[in-house]
Amino acid sequence: MSDTPTPRHLPMLHARDLAPAPVFEKVAVIGLGLIGGSIALAAREVWPRGLLIAVDRKNVLEQAMVRHAIDVAADDLGVIAEADLVILAAPVRQNIALLAELDEYIPGAAVVTDVSSTKQDVVEAARALPARFTFVGGHPLAGAARGGFEHARPDLFKGRPWIFTPHSDASGDAVDRLRQFAAGLGAVPRSMEAAAHDRLVAFLSHLPQLTASALMAVVGEAVGAEGLALSGRGLVDTTRLASSPADIWRDIAWTNAADIRQALNALIARLSALRDGLEDGGVIEETFDEAARWRDALMKDRTN
C-alpha cells in the first residue's frame, strides 16, 4: 500500500494558514482613530497571522474588538513591550510626548513610525530615542470627512501616497520594511525630507481644511439654519471637510504654523484680488481659467 497521503488525510488549510508572512510580526498601534483604526483593519485582512496590539480608551478598544481589528488591547502602554513595530497614531503633539515614553515600556529593539500630518517636530523629537529604536517618520495621505474608529475602513489607503521622511541615521532595512508594510496595505510609498513634506501638505491638506472650516463658519453665521436649508450641492461639496475634529487640527496648526501661514497668505492675496476686482471681468476670468486648468490636472491624476 502506498504511503502517499490521500486528500482525505491532508490537513485542512485555512485562509489564515495561506496568508503571507507579516512584514512585522507584532504591531502596536497607539491611537485607534480613523488612520490608526484603518491600519489595524487593513493589516488584519492582509496579515492575519500577525499580532495586532492597540492602545486607546476602553470604549474605542471595545469597538475594535467587536470588529476583530486587534488581538491585544489596553488603555496603557504596558502591552507594547514585545512589539517590533510601533505606530504612533495619536494627534501630533501627543505622538511627540509618546516618543519620550517608549524607552520605559519596550526593552528590546523596535521600529517606530508615526502617521502625523506634520513631520519636522516629530523627527526632531525622535532623535532622543535610544539607539535600539529605529524611527522613520510617516504620513499616509488618506483621510475622510469624519475622524474616529467608527469611520475607519480597511481600504482607506488603496492607491494613496504614504510618505516616509527618514533622517540620516535611519536604517535602510527599517525603511524598506516600512515601505513593504505600507504597500501591503494598498498604499504607494514615497520618501522625502521632513521640511519638504511640511510645506507640501500645508498647501495640499492644511489649507483646504482651514478654508473649508472658515467658509462654513462664515456662511452659517450669515444665513443661519433656515438659510442653509436652501443651499445646493455646491456648498455641501465645498465644505465636506468642515466636520473634521478640531483637536487634531489644533496640533497640526501648532506644529506647522510657518508653512500654513504662507499658504493662508497666498489664499488671502488671491481672495483680496477677487474682492478688489469684482467689477473687473478680467480678474474673474483669469482666476476661473487658472483654477479650471489646475482642477483638470488634479482630476487627471485620479483617473490614471
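Q: In which strand is the place of Val 86?
A: In this predicted model, Val 86 lies in strand 4, which covers residues 85-88.

Q: Is Val 86 buried or exposed?
A: Val 86 counts as buried, because its relative accessibility is 0% and the cut-off for buried is under 20%.

Q: Which residues does Val 86 touch, not counting those up to four places away in sequence?
A: With those set aside, Val 86 touches Ala 28, Ile 30, Leu 102, Ile 106, Val 111, Val 112 and Thr 113.

Q: How many residues apart in sequence are Val 86 and Ile 30?
A: They are 56 residues apart in sequence, while their C-alpha atoms are 7.5 Å apart in space.

Q: Now the helices. At what angle do helix 8 and helix 11 pack?
A: Helix 8 (residues 194-228) and helix 11 (residues 257-276) pack at about 60 degrees, and their axes are 9 Å apart. Helix 8 is therefore oblique to helix 11.

Q: Which residues of helix 8 make the contact?
A: Helix 8 contributes Asp 198, Arg 199, Ala 202, Phe 203, His 206, Leu 207, Leu 210 and Thr 211. From helix 11 come Asp 259, Ile 260, Gln 262, Ala 263, Leu 264, Ala 266 and Leu 267.

Q: And what is that contact like by class?
A: The contact of helix 8 with helix 11 has nine nonpolar, three polar and three charged residues.

Q: Next, Thr 287. Where is its place?
A: Thr 287 is in helix 12, residues 281-303. Thr 287 counts as buried, because its relative accessibility is 14%.

Q: With which residues is Thr 287 in contact, leaving aside neighbours within four places in sequence?
A: Apart from those neighbours, Thr 287 is in contact with Arg 270 and Leu 274.

Terms used:
Residues are numbered from 1 along each chain as its sequence is written. This is a predicted model: local features need pLDDT of at least 70, side-chain atom pairs count only at pLDDT 80 or more; totals for chains, interfaces and linings use all residues. Side-chain values use heavy atoms; hydrogens and water are left out. Axes are lines fitted to C-alpha atoms, for helices over the stretch in contact, and angles run from 0 to 180 degrees between N-to-C directions. Helices (H or I, at least four residues) and strands (E, at least two) are DSSP runs, numbered from the N terminus. Angles under 35 degrees count as roughly parallel, over 145 as roughly antiparallel, 65 to 115 as roughly perpendicular and the rest as oblique. Contact means heavy atoms within 4.5 Å. Ala, Val, Leu, Ile, Met, Phe, Trp, Tyr, Cys and Pro count as nonpolar, Asp, Glu, Lys and Arg as charged, and the others, Gly among them, as polar. Buried means under 20% relative accessible area, exposed over 50%, partly exposed in between (1.4 Å probe, protein chains only).
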